[in-house]
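Hi,

Here is the structure I promised to pass on. My notes follow below it.

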Amino acid sequence: MSEEITYRYRVDIITLFPETTGDVLSESILGRAQERDYLKIECHQLRDYTTNKQNQVDDYPYGGGHGAILQADPLYRCWKHICDTTGERAHTIFMSPCGVTFTQAEAKRLVRDYKHLILVCGHYEGIDQRFIDECVDEELSLGDFVLTGGEIAAMAVTDAVCRMVPGVLSDPECYENESHWDNLLEYPQYSRPEVWHDRAVPKILLSGHHANIAKWRRKMSLVRTKERRPDLYQRLDLSSKEDRKLLKEIDEGKWE
């Protein structure tokens, strides 16, 4: 029997370590959003879905090799329980070093195109390919490195996606002005005191002139992106009159 869905977005995580994953995702902003029913994030202990008396969910790989493989059947039982509970076949993602690299663009796509995700955390040497073939819609990776399990990756994807669900943050500007939203890195930020260790806040930020502040922030974002991420900088459309003027000022060393 499916449950009545009153929240705006749901993420279910299949893992061998639900306590560690759930604790991180139930605090701070995401925790408050769940209390307000904007989100539902639930972690499922994979061992609860095995028919093995020892709660074993892994076995040696066919063909030999080091380590063990998570078996298809307990993964399927857990996955099916989630789908039966919600009454829908949720978009299912396996967190894998073989997957497409997760980016801000991918996060925007997931929050735009889906309202319910199932994230599968691998462990040991991987999971049975047959479960992937039958139940997984896509594979995602945090980058070109390998972790001991998929939990860290699942938490990162959940956080990046859920913070863009309407109502979770106070205003869309909270994430639309951040790094990677439009291939720009975020400008430097400052808070009180005005002078700290002989380092002063840029005068433009104390001026109260919002248009000039916005111009300065755009300029700093361009400089930071060009210096730190030239690959992103090359993708920018800087053909507008305003951006051409900013680029000229940067070349002339005019920062404020």
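**Notes on the model**

Tyr 124 is partly exposed, with a relative accessible area of 39%. (Buried means under 20% relative accessible area, exposed over 50%, and partly exposed in between, with a 1.4 Å probe and protein chains only.) Tyr 124 sits in the loop between β6 and α5. Helices (H or I, at least four residues) and strands (E, at least two) are DSSP runs, numbered from the N terminus. The phi of Tyr 124 is positive, near 60°, and the residue is not a glycine.

Some ground rules. This is a predicted model: local features need pLDDT of at least 70, side-chain atom pairs count only at pLDDT 80 or more, and totals for chains, interfaces and linings use all residues. Residues are numbered from 1 along each chain as its sequence is written, and side-chain values use heavy atoms, with hydrogens and water left out.

**Other backbone points**

Asn 55 also has a positive phi, about 60°, although it is not a glycine. Asn 55 is in the loop between β2 and β3 (58–59). It counts as partly exposed, at 37% relative accessibility. The peptide bond from Arg 192 to Pro 193 is cis, with omega near 5°. Look for Pro 193 in the loop between α7 (173–176) and β8 (195–196).

**The cores**

A nonpolar core here is a set of buried Ala, Val, Leu, Ile, Met, Phe, Trp, Tyr and Cys residues joined through side-chain atoms within 4.5 Å. The largest one has 29 residues. Which members touch the most others? They are Tyr 9, Ile 13, Leu 39, Leu 110 and Leu 119. Elements that give two or more residues to this core are β1 (9–15), α2 (28–35), β2 (39–45), β5 (91–101), α4 (104–113), β6 (116–121) and α6 (151–162). The largest share, seven residues, comes from α6. Apart from this core lies another, of 21 residues, including Tyr 49, Ile 82, Phe 131 and Val 136.

Contact means heavy atoms within 4.5 Å. Leaving aside neighbours within four places in sequence, Leu 110 is in contact with Tyr 9, His 91, Ile 93, Phe 102, Leu 117, Glu 138, Leu 140, Val 157 and Val 161.

Ile 152 is in helix α6. Is Ile 152 buried or exposed? At 52% relative accessibility, it counts as exposed. Leaving aside neighbours within four places in sequence, its contacts are Leu 142 and Leu 147.

**Two helices with two sides**

Start with α1 (residues 18–25). Pro 18, Thr 21 and Leu 25 are buried there. They cover an arc of only 75° around the axis, so they lie on the same side of α1. (The arc is that of the directions from the helix axis to the C-beta atoms.) On the other side of α1, Glu 19 and Val 24 are exposed. The buried residues of α1 pack against β1, α2, β2 and α6.

Now α10 (residues 241–251). Its buried residues include Asp 243, Leu 246, Glu 249 and Ile 250. Their arc is only 120° around the axis, which puts them on the same side of α10. On the other side, Lys 241, Lys 245, Lys 248 and Asp 251 are exposed. What covers the buried residues of α10 includes α8 (210–228).

Glu 249 deserves a look. It is buried, with a relative accessible area of 12%. Not counting residues up to four places away in sequence, Glu 249 touches Lys 215, Lys 219 and Lys 254. After α10 comes Gly 253, with a positive phi near 80°.

**The largest pocket**

A pocket is an open set of points on a 1 Å grid over the protein atoms alone, where a 1.4 Å probe fits, with protein on both sides within 12 Å along at least five of seven lines; lining residues have an atom within 4 Å of a point. The largest pocket is lined by 24 residues. Phe 94, Met 95, Ser 96, Pro 97 and Val 146 lie nearest its centre. β5 gives the most to the lining, with five residues. Elements giving two or more residues to it are β5, α5 (129–135) and β7 (138–141).

Best wishes
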